[in-house]
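Here is a short tour of a few local features, from backbone angles to aromatic contacts. Have the chain open as you read.

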Amino acid sequence: MDRILLALEGIGMALDAIRANKVRAGLTIAGVAIGVFVVVAMGATVHGIKQSFQSDLDEFGATSFQVRRRGVGINTCDGSDDSCPERRNPAISLVEWRAIAALPDVETATAWLSGQSNFDYRDRHVTNVGYDAQSTDWIKTDVADISPGRSFSASEHDAGAQVVLVNDTLKNRLFGDSDPIGKQIAIEGKQFTVIGVFHTKAGFLKTMDGRGPDKPRAILPMMTAYRHLDVWRRGLMMMVKPRGEVAQAQVMDNVTELLRSRRGLKPGQINNFALVAQDRMMETFDQLFGAIFMVGLALSAVGLLVGGVGVIAIMMISVTERTREIGVRKALGATRATILWQFLVEAATLTSIGASVGLIIGSILAWIVRTNTPVPTSIPASAIITAIAASIATGVIFGMLPALRASRLDPVEALRHE
């Protein structure tokens, strides 16, 4: 009970110090608030992006994996063959795609290429439109809704038919409110028939590569792009989805064996292709955003340092102003530990106020991002706990010197202080 009363008294002293030293207290609170705000904002953003990223991956299925010419990850590639040996990897071919799709343990093997071009309809022009040239079963992995219209058929895909689906943004820019189905648009000067309008939900992964719903986007048959458009064929990738009863590792082993055999790789040679599962993509995500988060923590530390310096200044003034009071309390039996505890509570109160301000501002920013972007930002409990703990630790650490000075005052000398 005595400690609680002392804590309440320390809080009261902190509030008195804020009123008496508004500028210094303001700087202290601002420094701590900035530090906490950075931690909370970074935590909310990274947490939200990770949730969105995971949601995008889940659309493809938990056991699905990519077959790529090159792997994914953070490296120090400078463009040379020495630092980027994967640059020499041969492209995934159509023959390899069909062979993988024919494996008995594979449910679907969706192949796709990405490109960019100008789209024209009469006097309307939309430049630099990204498009995905995909195989027939793209709808099984992209989880897109088509309305109005339809997707392209297997016969249209194999024949390289000049048909295309557009998303809502591209449809509005080219056709406005009119029905786009059956209309002819020009892509690289060639006429394509619009057969559907597709809708995909927003997500971080889609937004980053330009496939978000707010960007004009199109989907067309992969063989059509091969035969009629200037698409980068070396960029061919696959999304392989194993059958429900088959383990991912088994299918990945089968695909690896097939590709190594077709490419004539000997037992000692490394793979000249890459299989990328979801856990590898999440590992890359964690590496990238882990580094960004560490930069944020460094910036946060600067803010807390500023707040800590302010704590020392305010607390030193408080000790000086209360020297006679400390002497009286010691003369009446107050121990060093009692005085030390009281001043540490005062310091922690100052930084806790700053932490509260930082949490409020960070929460407001997270709400703004969540309501105006596809990133579902949310403040994880770990970020809140870290922010509060860091602010209290800042108050205790930087308040220790003034508190020790107060607790070590000689009561006789303190009573003589004017």
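## Backbone with positive phi

A residue counts as exposed when its relative accessible area is over 50%, and as partly exposed from there down to the buried limit of 20%. With a relative accessibility of 71%, Arg 122 therefore falls in the exposed class. Keep in mind that the model is a predicted one. Arg 122 sits in the loop that runs between strand 2 (106-121) and strand 3. Its phi is positive, about 55°, although Arg 122 is not a glycine.

Glu 188 is another non-glycine residue with a positive phi, again about 55°. You will find Glu 188 in the loop between strand 6 (184-187) and strand 7. Its relative accessible area is 30%, so Glu 188 is partly exposed.

## A cis peptide bond

Next, have a look at strand 4 (residues 145-149), where Pro 148 is found. The peptide bond that joins Ser 147 to Pro 148 is cis, with omega at about -5°.

## Aromatic pairs

How many aromatic pairs are there? The count is 2. In one of these, the ring centres of Trp 138 and Phe 198 are 6.4 Å apart and the planes meet at 80°, so the pair is edge-to-face.

Methods. Residues numbered from 1 in each chain as written. Predicted model: local features only at pLDDT ≥ 70, side-chain atom pairs only at ≥ 80, totals over all residues. Heavy atoms only, no water. Phe/Tyr/Trp six-rings, centres within 6.5 Å; stacked < 30°, edge-to-face > 60°. Helix = DSSP H or I, 4+ residues; strand = E, 2+ residues; numbered from the N terminus. Buried < 20%, exposed > 50% of the residue type's maximum accessible area, 1.4 Å probe, protein only.
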